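Open the model in your viewer and keep the selection tool at hand. This tour goes from stop to stop, with something to pick at each one.

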Amino acid sequence: MSNVQIAREVGAQCTLREQVGLPREILQLSENVSTQRRGISHKMQPLLDRLDSVPDFSVSGSLSTRNPDLQSFGLKDRFNLNSSQEGLDEFESEVEQLVYDLGKLADVEHAAVTVCVTRNTTCSRLHVDNVGLRILCTYRGPGTEWVASPVLNRIMSESVRNGGNSFSDAIKGVVTAVAPIKRAEEGEVVILKGQGFPNSRGRAIVHRSPLVAEIPGGEDKEFVRLLVKIDDGCC
């Protein structure tokens, strides 16, 4: 059982928020990606089980990291829930915890949050983000992918630091063809360092959305992803 789940079982919200945190090694210059396996609470499972009948959607907003509250996102309507919350309370608590933890890690008062259900590969090309720190967590479906070779990541990140051109496109093609790729598991929190982080231009992590066609059985199966994205700043 994860720290999040243990804290929730004893019902101490203030204790939960102080005990749960994100790995701080991502703040080091030498690091550009970090992961944390928090797992998925069984209380969330009813929500995940009904995603096949939920249309694609994406909703975004700015939340306070000191007291995050997802009520304004209207997720009950987005997930087509009736009187029963069916796991939504647990999901919202998980996301609010991540927002709080990112605020502590990045020392920011607001975070830009996106919750989406999608059946498409939204960012299929390897790229870097123009943000400071970004959290991505896939609660159902294949997770985010990133270049697992520090050397190849640095080469590609350096090539696109000032935008794309024919040279960076050529580098990207080579890296895409030969680089080892790592994929996050369901419920695994991925913290990505973007070019907006201090001294990280040319060092940001190179990543992409999962390529469904490369997943065993992916061409014959419709994948539904529930993805949460949290950036260390306002929308």
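Start by selecting Ser58. Its bridge partner in β3 is Cys116. This is a predicted model, so read each stop as part of a prediction. Now widen the selection to the two strands. β2 and β3 run antiparallel to each other and pair over eight bridges.

Stay on β2 and show its side chains. Which residues make up its covered face, and which its uncovered one? Phe57, Val59, Gly61 and Leu63 form the covered face. Ser58, Ser60, Ser62 and Ser64 form the uncovered face. The general rule behind such a pattern is that side chains in a regular strand alternate between the two faces of the sheet.

**Into the core**

Next, select Leu75, Phe79, Phe91, Val115, Tyr139, Leu226 and Ile230. These have the most contacts inside the largest nonpolar core, which has 37 residues. Colour the elements that give two or more residues to this core: α3 (45-49), β2 (57-64), α5 (88-106), β3 (110-118), β4 (133-140), β7 (188-193) and β9 (225-231). Which element gives the most? That is α5, with seven residues.

Zoom in on Phe91. Setting aside neighbours within four places in sequence, Phe91 is in contact with Met44, Leu47, Leu75, Phe79, Val115, Tyr139, Leu226 and Val228. Then move to a second, separate core. This one has ten residues, among them Met156, Ile171, Val175 and Val206.

**The largest pocket**

Switch to a surface view. Select Ser30, Asn32, Pro150, Asn153 and Ile205. Of the 16 residues that line the largest pocket, these lie nearest its centre. The elements giving two or more residues to this lining are β1 (33-37), β5 (145-147) and α6 (150-159). The largest share, three residues, comes from α6. The volume of this pocket is about 330 Å³. Colour the lining by class: seven residues are nonpolar, five polar and four charged.

**The second largest pocket**

One last stop. The second largest pocket has a volume of about 270 Å³. Select Thr122, Cys123, Leu136, Leu227 and Lys229, the closest to its centre among the 18 lining residues. How does the lining divide by class? It has five nonpolar, eight polar and five charged residues.

Key
Residues numbered from 1 in each chain as written. Predicted model: local features only at pLDDT ≥ 70, side-chain atom pairs only at ≥ 80, totals over all residues. Heavy atoms only, no water. Core = buried A, V, L, I, M, F, W, Y, C linked by side-chain atoms within 4.5 Å. Buried < 20%, exposed > 50% of the residue type's maximum accessible area, 1.4 Å probe, protein only. Helix = DSSP H or I, 4+ residues; strand = E, 2+ residues; numbered from the N terminus. Contact = heavy atoms within 4.5 Å. Pairing = 2+ DSSP bridges. 1 Å grid on protein atoms, 1.4 Å probe; cavity = no way out; pocket = protein on both sides within 12 Å on 5 of 7 lines; lining within 4 Å. Points joined across faces, edges and corners; volume = space filled by probe spheres on them. Nonpolar A, V, L, I, M, F, W, Y, C, P; charged D, E, K, R; others polar.
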